[in-house]
Structure formats: structure tokens, C-alpha cells
Amino acid sequence: MDCPEKLSNEQCKLHLRSVRDTMELLQGKWKVFIISSLVLDGKQRFMDLQRNIEGIGAKMLSKELQELEMNQLVKRTVYPQIPPKVEYEL
């Protein structure tokens with residue numbers, strides 16, 4: 001991939017590194033679907049996300065949410081009530 005002439009060599013390297021980092025964060029089949037669902041419908045509980053994302057299993061959704069949370073793309077809020085209530089948002 002070539003950089004535009006207006007960017008210096010260092011700027012070009014930083015730009016390409018940031019693109020690569022973003023692609024790594026979003027790699028996998030489900031992350032874009034999860035983010036899209038949260039963009040369209042706002043805060044959601046786990047089961048709402050699972051219902052909205054056709055074909056994703058609970059184990060995969062949990063794994064992907066943990067990775068998105070670890071990378072600070074998704075915020076997980078646990079409410080102190082019984083039964084426990086957990087919501088996810090961007």
C-alpha cells in the first residue's frame with residue numbers, strides 16, 4: 001500500500017501501523033456484527049445481543065465481548081441486583 005505524497009515516511013509508517021492495529025482489533029467473523037448491533041440498538045444485555053446476531057453461539061459471543069471490552073471498544077456494566085443484570089455498550 002502506497003502512502004499519499006503529502007505524508008512523510010514516518011507519518012506513512014504510523015498510518016499503516018494504525019490501520020494494521022485496527023484490523024487486528026476487529027479480526028474475526030463476529031466483532032463487526034456485535035459493534036453494529038450496539039450502534040443500531042444501543043445498550044443491550046447478553047441475550048439481546050445473541051438474539052440480534054443470527055448464528056452466534058453463547059460461548060463465541062462471550063469470548064468476542066471479552067476481547068472488545070479488553071480493548072476498550074465495549075463497556076460492560078454490571079448492576080447489583082438479583083438476578084444479575086449486565087449491559088454492554090460502545
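In the predicted model, the side chains of Lys 31 and Glu 67 form a salt bridge with an N to O distance of 2.6 Å; a salt bridge is here a side-chain nitrogen of Lys or Arg within 4 Å of a carboxyl oxygen of Asp or Glu. This pair connects distant parts of the chain, with Lys 31 in helix α2 and Glu 67 in helix α4, 36 residues apart. Helices (H or I, at least four residues) and strands (E, at least two) are DSSP runs, numbered from the N terminus. Lys 31 counts as buried because its relative accessibility is 4%, whereas Glu 67, at 26% relative accessibility, counts as partly exposed. Buried denotes under 20% relative accessible area, exposed over 50%, and partly exposed in between, as computed with a 1.4 Å probe on protein chains only.

Lys 31 also meets the side chain of Glu 64 in a salt bridge (3.0 Å, N to O). Here again distant parts of the chain are linked, as Lys 31 belongs to helix α2 and Glu 64 to helix α4, 33 residues apart. Both Lys 31 and Glu 64 are buried. Together with Lys 63, the residues Lys 31, Glu 64 and Glu 67 make up a network of salt bridges.

Six salt bridges were found in a search of the whole structure. One of them joins the side chains of Asp 48 and Arg 51 (2.7 Å, N to O). Both of these residues lie in helix α3 (residues 46-52), where they are three residues apart, about one turn of the helix. Asp 48 is partly exposed, with a relative accessible area of 27%, while Arg 51 counts as exposed at 58% relative accessibility.

Residues are numbered from 1 along each chain as its sequence is written, and side-chain values use heavy atoms, with hydrogens and water left out. Since the model is predicted, local features need pLDDT of at least 70 and side-chain atom pairs count only at pLDDT 80 or more, whereas totals for chains, interfaces and linings use all residues. The mean pLDDT (the predictor's confidence in each residue, from 0 to 100) of the chain is 88, and 92% of its residues reach 70 or more. Among the elements of the chain, the lowest mean pLDDT, 76, belongs to helix α1 (residues 9-25), and the highest, 97, to strand β1 (residues 44-45).

The chain contains four helices and three strands, arranged along the sequence in the pattern α-α-β-α-α-β-β. The chain is more spread out than a compact globule, because its radius of gyration is 17 Å, well over the 12 Å that the globule rule gives for 90 residues. The radius is taken over C-alpha atoms, and the rule is 2.2 Å times the number of residues to the power 0.38. The C-alpha trace spans about 60 × 30 × 20 Å along its principal axes. Of the 90 residues, 22% count as buried. Contacts are defined by heavy atoms within 4.5 Å; among those between residues at least 6 apart in sequence, 42% join residues at least 24 apart.

The largest nonpolar core has 13 residues, of which Ile 34, Leu 49, Leu 65 and Tyr 88 touch the most other members. Such a core is a set of buried Ala, Val, Leu, Ile, Met, Phe, Trp, Tyr and Cys residues joined through side-chain atoms within 4.5 Å. At least two residues of the core come from each of α2 (31-41), α4 (58-70) and β3 (85-89). Beyond its neighbours within four places in sequence, Leu 49 contacts Ile 34, Ser 37, Leu 38, Gln 44, Leu 61, Leu 65 and Tyr 88.

Glu 87 is located in strand β3 and is buried, with a relative accessible area of 14%. Its side chain makes a polar contact with the side chain of Tyr 79 (2.8 Å). A polar contact is a pair of N or O atoms within 3.5 Å; within protein, one must be able to donate a hydrogen and the other to accept it, and residues adjacent in sequence count only if both atoms are side-chain atoms. Neighbours within four places aside, the contacts of Glu 87 include Lys 43, Arg 45, Lys 75 and Arg 76.
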